[in-house]
Amino acid sequence: MNNPHWSARDLAVLWHPCTQMKDHEDFPPIPIRRGQGAWLEDFEGRRYLDAISSWWVNLFGHGHPYINAALKDQLDTLEHVLLAGFSHEPAILLAERLTWLAGLDRCFYADNGSSAVEVALKMSFHYWRNSGKPGKTRFIALSNSYHGETLGALAVGDVGLYKDTYAPLLLTPYTVQSPDCYLREPGQSWAGHSARSFAAMEAALAAHADEVCAVIVEPLVQCAGGMRMYDPIYLRLLRDACDRHGVHLIADEIAVGFGRTGTLFACEQAAIRPDFMCLSKGLTGGYLPLSCVLTTDAVYAAFYDEYEKLRAFLHSHSYTGNALACRAALATLDLFERENTLAHNRILARHLAEATAGLADHPQVAEVRQTGMILAIELVRDKASRTPYAWQERRGLRVYRHALERGALLRPLGNVIYFMPPYVIAPEEIRFLAEVAAEGIAIATQD
Ligand SMILES: *Cc1c(COP(=O)(O)O)cnc(C)c1O
């Protein structure tokens, strides 16, 4: 049973995420038979280097023996139990470790990233309501942000391609200009640009704090918005301003958490503690869907009361705190310690920078930027004016197809080609990716 067999059966019944299915008429989805380390293998034995960690979730490679063993053990013990009125060891151990690592106090589980964002938005609103401030009903979000696809999460995001169609259904946040350093003036530093951008946030908070529950941000890297990056100083200014104006800070670390930016959590680089931290994606090492919102004792206390007062947070998902998923997350955290991952990643990050350094001079590359284990290459039609290619040209798609032919899974975001590899990638594999990306860029920009 080869690739065409499975592709045909797939196309007869599946509807794929984030896909115009008609694209598959001439380019069917690739059926994957197995995964090992940083590599995926299809039904004809062709291998693909997973340069984007299967949508940013995989940290230690596919089929990791340590996570596999933990899951097999958990499978024979307890696969799942409801988390209301009951509890289990992996959920408790994981909550202990995550709160300790993040410097927060309470862990509320959900089962995917968007749901965690919904939980944080609802909790913040509900906190103010329980605290005698029912007039706080709005949120502040950054331009070009992404927080997921469910209606609440979509509403606080700002990627038009995903959001505009559904505008009539959505909450309306205040949107403030992102500190995105791609937009800085020539010669300006990241810190200088990010700090200067904060004026817009300060003004929005000053004008609207009375009706605003929380500011929600993706710390340091706006991933789905094209891997746009900013300096930690913005987060320090934001923490301070949220405190002064009596507004919560929600840190959506769903994509940037677990070592992606160089520290375990991106907020550490600004030495700040958010009121809510959303985690998912890498949380289980890319094995199982799980998410959580970490928060403070102060937030928790505002819900703690007699049942009749109706102040409880009556939110749940069926698979909340699933035991298998929590066990995979515990094994993943073990690996960070056993393998000294953050130190190892500093070496890998250097290899990423070195392997791609030459691309900055390409006439159609506006910028090569990097934060830790995320490296992005921005293609433009005109370098001097930074005029982008029209989205309809789908230049990134040409890179994607070339990379697949060469045995690499690079899935650009529009005109942005990026690497966000599993932490088990080898330096020679990084050089291979850079080579494939350079070829792809040459092909994609030749006319
Ligand atoms: C992926 C992502 C989400 C949504 O997570 P899902 O599990 O896909 O619902 C939310 N926020 C950020 C920053 C993300 O990258």
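# Close-up views of a predicted model

**View 1. Phenylalanine 258 sits in the loop between β10 (248-252) and β11 (276-279).** The model shown here and in the other views is predicted. Is phenylalanine 258 buried or exposed? Its relative accessible area is 1%, so phenylalanine 258 is buried. Now look at the backbone. Phi of phenylalanine 258 is near 60°. That value is positive, and the residue is not a glycine. Most residues other than glycine have a negative phi.

**View 2. Arginine 394 also has a positive phi without being a glycine.** The value is about 50°. Arginine 394 belongs to the loop between β14 (374-379) and α13 (395-406).

**View 3. Glycine 135 lies in the loop joining α5 (113-130) to β5 (138-142).** With 46% relative accessibility, glycine 135 is classed as partly exposed. Exposed would need over 50%, and buried under 20%. Which residues does glycine 135 touch, beyond its neighbours within four places in sequence? The contacts are Asp210 and Glu211. Phenylalanine 125 is ten residues away from glycine 135 along the chain. The C-alpha atoms of these two residues are 9.4 Å apart.

**View 4. Helix α1 (residues 3-13) has buried residues at Asn3, Ser7 and Asp10.** These three cover an arc of only 65° around the axis, so they are on the same side of α1. The spacing follows a simple rule. An α-helix has 3.6 residues a turn, so residues three or four places apart point the same way. Which residues are exposed on the other side of α1? They are Ala12 and Val13. Strand β2 (39-42) is part of what covers the buried residues of α1.

**View 5. Helix α8 (residues 190-208) packs with helix α9 (residues 233-245) at an angle of about 20°.** The two axes are 9 Å apart. At this angle, α8 is roughly parallel to α9, because angles under 35 degrees count as roughly parallel. The crossing of α8 past α9 is right-handed. Which residues meet here? From α8 come Ala191, Ser194, Ala195, Ser197, Phe198, Met201, Glu202, Leu205 and Ala206. From α9 come Ile233, Tyr234, Leu237, Leu238, Ala241, Cys242, Arg244 and His245. Sorted by class, this contact of α8 with α9 holds twelve nonpolar, three polar and two charged residues.

**View 6. Helix α4 (residues 89-102) packs with helix α11 (residues 323-338) at an angle of about 40°.** Their axes are 9 Å apart. How do α4 and α11 lie to each other? They are oblique. The crossing of α4 and α11 is left-handed. On the α4 side, the contact is made by Pro90, Ala91, Leu93, Leu94, Arg97, Leu98 and Leu101. On the α11 side, Ala323, Cys326, Arg327, Ala329, Leu330, Leu333, Asp334 and Glu337 take part. How do the residues of the contact of α4 with α11 divide by class? Eleven are nonpolar, none is polar and four are charged.

Notes: Residues are numbered from 1 along each chain as its sequence is written. This is a predicted model: local features need pLDDT of at least 70, side-chain atom pairs count only at pLDDT 80 or more; totals for chains, interfaces and linings use all residues. Side-chain values use heavy atoms; hydrogens and water are left out. Buried means under 20% relative accessible area, exposed over 50%, partly exposed in between (1.4 Å probe, protein chains only). Helices (H or I, at least four residues) and strands (E, at least two) are DSSP runs, numbered from the N terminus. The arc is that of the directions from the helix axis to the C-beta atoms. Contact means heavy atoms within 4.5 Å. Axes are lines fitted to C-alpha atoms, for helices over the stretch in contact, and angles run from 0 to 180 degrees between N-to-C directions. Angles under 35 degrees count as roughly parallel, over 145 as roughly antiparallel, 65 to 115 as roughly perpendicular and the rest as oblique. A crossing is left-handed if the near helix is turned anticlockwise from the far one by less than a right angle, and right-handed if clockwise. Ala, Val, Leu, Ile, Met, Phe, Trp, Tyr, Cys and Pro count as nonpolar, Asp, Glu, Lys and Arg as charged, and the others, Gly among them, as polar.
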